[in-house]
Amino acid sequence: MQQSDTQRAARAMRWALLSAAMLMLTGATAFALRQQAATPDPSEITPAMVDLGRAIFHGQGTCFACHGGKLEGSQIAPTLMPHKWRDAKNGDFAEIFRVATHGVPSTLMVAYPGGISPAQAKAVASYVWSVSTGKVKP
Ligand code: HEC
């Protein structure tokens, strides 16, 4: 009697632990997926994205008109080469993407300049990040 109670308790405990582990795993997966969607990571950047971003920067995105053809800045807008970043904290890829998609309120830096799409904003952010970190030439 004593024995089977103990066994039952042990079985219940195993189930509880297993369920908890499953729940944690599900949660972690959901979290990871959400992070991936919300926070772009430099490890996602491919040469094709950078090339696409270059074309957008100097084309539809109109970035060059304010930030300069070599990202050197102008009277209107700051350089996007290494500098004391004001809006895109530390010049992080995710921050550059955030500025491109949210703009800087009450300034000429609007969200999605030139009416670019979120995917185009990601490509152009990957270009700006790669140039500003010296990985590619403007
Ligand atoms: C009409 C002019 C204009 C255009 C076009 C424009 N920007 Fe800007 N951008 C600005 C200005 C002005 C600021 C500075 C805002 C402020 O006062 O803090 C800025 C800031 C930024 C910053 C933050 C710089 C920092 O020091 O933190 C990034 C990144 C940026 N722009 C990227 C882009 C990209 C990418 C594009 C094209 C998709 C673009 N901008 C198009 C005017 C422009």
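A: Gladly. Helices (H or I, at least four residues) and strands (E, at least two) are DSSP runs, numbered from the N terminus. Residues are numbered from 1 along each chain as its sequence is written. This is a predicted model, in which local features need pLDDT of at least 70 and side-chain atom pairs count only at pLDDT 80 or more, while totals for chains, interfaces and linings use all residues.

Q: Is Ser74 buried, partly exposed or exposed?

A: Count the other C-beta atoms, placed from the backbone, within 10 Å of its own: 20 or more is buried, 12 or fewer is exposed, and in between is partly exposed. Ser74 has 13 such atoms, so Ser74 is partly exposed.

Q: Which residues does Ser74 touch, apart from its neighbours within four places in sequence?

A: A contact requires that the C-beta atoms of two residues, placed from the backbone, lie within 7 Å. Leaving aside the neighbours within four places in sequence, Ser74 has contacts with Cys66, His67 and Gly68. For a view across the chain, take Ser74 and Lys137: they are 63 residues apart in sequence, and their C-alpha atoms are 19 Å apart in space.

Q: Where does Asp87 sit, and what is it in contact with?

A: Asp87 also belongs to the loop between α3 and α4. Because 15 C-beta neighbours lie inside 10 Å, Asp87 counts as partly exposed. Outside four places in sequence, the contacts of Asp87 are Val99 and Val104. From Asp87 to Arg98 is eleven residues in sequence and 9.3 Å in space, C-alpha to C-alpha.

Q: Let's move to the ligand. Which residues come nearest?

A: Here a residue is near the molecule if its C-beta atom, placed from the backbone, lies within 6 Å of it. The ligand has 25 residues around it, and Gly61, Cys63, Cys66, Ala77 and Met109 come nearest. At least two residues of this shell come from each of α3 (63-67), α4 (93-102) and α5 (118-132). The helix that gives the most is α3, with four residues.

Q: How do the residues of that shell divide by class?

A: Ala, Val, Leu, Ile, Met, Phe, Trp, Tyr, Cys and Pro count as nonpolar, Asp, Glu, Lys and Arg as charged, and the others, Gly among them, as polar. By that scheme the shell has 19 nonpolar, four polar and two charged residues.

Q: Which residues touch the most other members of the largest nonpolar core?

A: Such a core is a set of buried Ala, Val, Leu, Ile, Met, Phe, Trp, Tyr and Cys residues joined through C-beta atoms within 7 Å. The largest core has 20 residues, and Ile96, Ala100, Val124, Ala125 and Val128 touch the most other members. Two or more residues are given to this core by each of α2 (47-57), α4 and α5. The most come from α5, with eight residues. As an example, Ala100 has contacts with Ala121, Val124 and Ala125 once its neighbours within four places in sequence are left aside.

Q: What is buried in α4, and what covers it?

A: The buried residues of α4 are Phe93, Ile96, Phe97, Arg98, Val99 and Ala100. Among the elements that cover them is α5. After α4 comes Gly103, with a positive phi near 70°.

Q: How should I read the packing of α2 and α5?

A: Two packed helices are described by the angle between their axes and the distance between the axes. For α2 and α5, the angle is about 100° and the axes are 7 Å apart. That makes α2 roughly perpendicular to α5. On the α2 side the contact is made by Met49, Val50, Leu52, Gly53, Arg54, Ile56 and Phe57, and on the α5 side by Gln120, Ala123, Val124, Ser126, Tyr127 and Ser130. By class, eight of the residues in this contact are nonpolar, four polar and one charged. On terms, axes are lines fitted to C-alpha atoms, for helices over the stretch in contact, with angles from 0 to 180 degrees between N-to-C directions. Under 35 degrees is roughly parallel, over 145 roughly antiparallel, 65 to 115 roughly perpendicular, and the rest oblique.

Q: Which loop holds Ser106, and what is its phi?

A: Ser106 is in the loop between α4 and α5. Its phi is near 65°, a positive value in a residue other than glycine. Ser106 is exposed, because 6 other C-beta atoms lie within 10 Å. Tyr112 lies in the loop between α4 and α5 too, and its phi, near 50°, is likewise positive in a residue other than glycine. With 16 C-beta neighbours inside 10 Å, Tyr112 counts as partly exposed.
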